[in-house]
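Please keep the model open beside the text and look up each place as it is named.

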Amino acid sequence: MGSPPNAAPQSQPTPESVPTPRTAAGREGLAALLAHPERTVVALDFDGTLADIVPDPEKARAHQGAVAALARLVPRLRAAAVITGRPATVAVRLGGFADNPGLAHLTVLGHYGAERWEAATGTVHAPAPHPGIAAIQAELPGVLDASGVWHGTWVETAIERKGGHAIAVHTRRASDPQGTFDRLRRPLTALAERHGLIVEPGRFVLELRPPGMDKGVALAEWVRETGAATVLYAGDDLGDLAAFAAVEKLRSDGLTGVLVCSGSDEVTELAERADLVVDGPTGVVGLLGALADRLAETRAGS
Ligand SMILES: O=P(O)(O)OC[C@H]1O[C@H](O[C@H]2O[C@H](CO)[C@@H](O)[C@H](O)[C@H]2O)[C@H](O)[C@@H](O)[C@@H]1O
């Protein structure tokens, strides 16, 4: 059906506006990003930032519109990366990051930076599995039994075996997620330490993983490698604090940067340090889309 005569022209979707960071450093970083995207890198966490939190980790997917927004933004930038606790190939699969021309230069740093996937080649570089993982896998049922929380149906799906490189114990589906998390923390820390591993706490998850790498080390190294002058990092969980610290350090070394918190009720520590707090993955995708819109406008106007 056509438009009635004299009908107002149908309005085009208005580009979302880019929010203003609440800190001077954040405003400086954002201005630098918008002025020189070719000198800017963007790094993003996956779960809770690009993907909504769901009870079953295997059912997590990139938030609606995330890949489309990234595919518009990334080609304007020097480089972009997803830095995640997931195995890199799992994040690629759940995120739908492969075989997208707009993401041809995306890097995914998995296992907190220990693993690397490049969209350009589809190749993964991963370290050999830590020998402690196999021993932990064997002992874990006994430790959970002894903790008194290893009962009910949730436990069957609580253990996430992360490609033999780490093991995550999830408590989100326990009847008392926080109480179970608290009761498991000490015995799982002891188990990890006995086998030369560390515990990475997250949103109702305790992850036993090798030491020596974190998102801060991974981000700083990747930024150095790209030669970027500006970095935007967005995350939601405790594991992202190391990346926040890396951006703060890079700023003190003379780079510009923006720290974005994908806000939730579950974790408050990042919001306190962020330049910009957005409303979970919806807000992150809105921000990415707004940046892409603004950079497209700037290019059209130049
Ligand atoms: O670094 P990230 O990309 O944030 O990954 C950290 C952990 O995220 C996943 O767990 C979280 O998301 C799940 C799915 O939404 C949710 O069920 C769980 O409660 C969250 O903690 C993932 O399963 C872990 O392996 C990652 O280490």
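1. Please bear in mind throughout that this is a predicted model.

2. Two packed helices are described by the angle between their axes and the distance between the axes. For helix 2 and helix 9 the angle is about 30°, and the axes lie 8 Å apart; since angles under 35 degrees count as roughly parallel, the two helices are therefore described as roughly parallel to each other.

3. Which residues bring this pair together? From helix 2 the contacts involve Ala66, Ala69, Leu70, Arg72 and Leu73, and these meet Pro281, Val285, Leu288, Gly289, Leu291 and Ala292 in helix 9.

4. Helix 1 (residues 24–35) has twelve residues and spans 16 Å from its first C-alpha to its last, which is close to the expected 16 Å. Its buried residues are Gly26, Gly29, Leu30, Ala32 and Leu33, and because they fall within an arc of 160° when seen down the helix axis, they line one face of helix 1. These buried residues pack against strand 1, strand 10, strand 11 and strand 12.

5. Asp99 sits in the loop between helix 3 and strand 3, and counts as exposed because it has 10 C-beta neighbours inside 10 Å. Tyr112, in the loop between strand 3 and strand 4, is buried, with 25 other C-beta atoms within 10 Å.

Note on methods: Residues are numbered from 1 along each chain as its sequence is written. This is a predicted model: local features need pLDDT of at least 70, side-chain atom pairs count only at pLDDT 80 or more; totals for chains, interfaces and linings use all residues. Helices (H or I, at least four residues) and strands (E, at least two) are DSSP runs, numbered from the N terminus. The expected span of a helix is 1.5 Å times one less than its number of residues. A residue is buried if 20 or more other C-beta atoms lie within 10 Å of its own, exposed if 12 or fewer, and partly exposed in between; C-beta atoms are placed from the backbone. The arc is that of the directions from the helix axis to the C-beta atoms. Two residues are in contact if their C-beta atoms, placed from the backbone, lie within 7 Å. Axes are lines fitted to C-alpha atoms, for helices over the stretch in contact, and angles run from 0 to 180 degrees between N-to-C directions. Angles under 35 degrees count as roughly parallel, over 145 as roughly antiparallel, 65 to 115 as roughly perpendicular and the rest as oblique.
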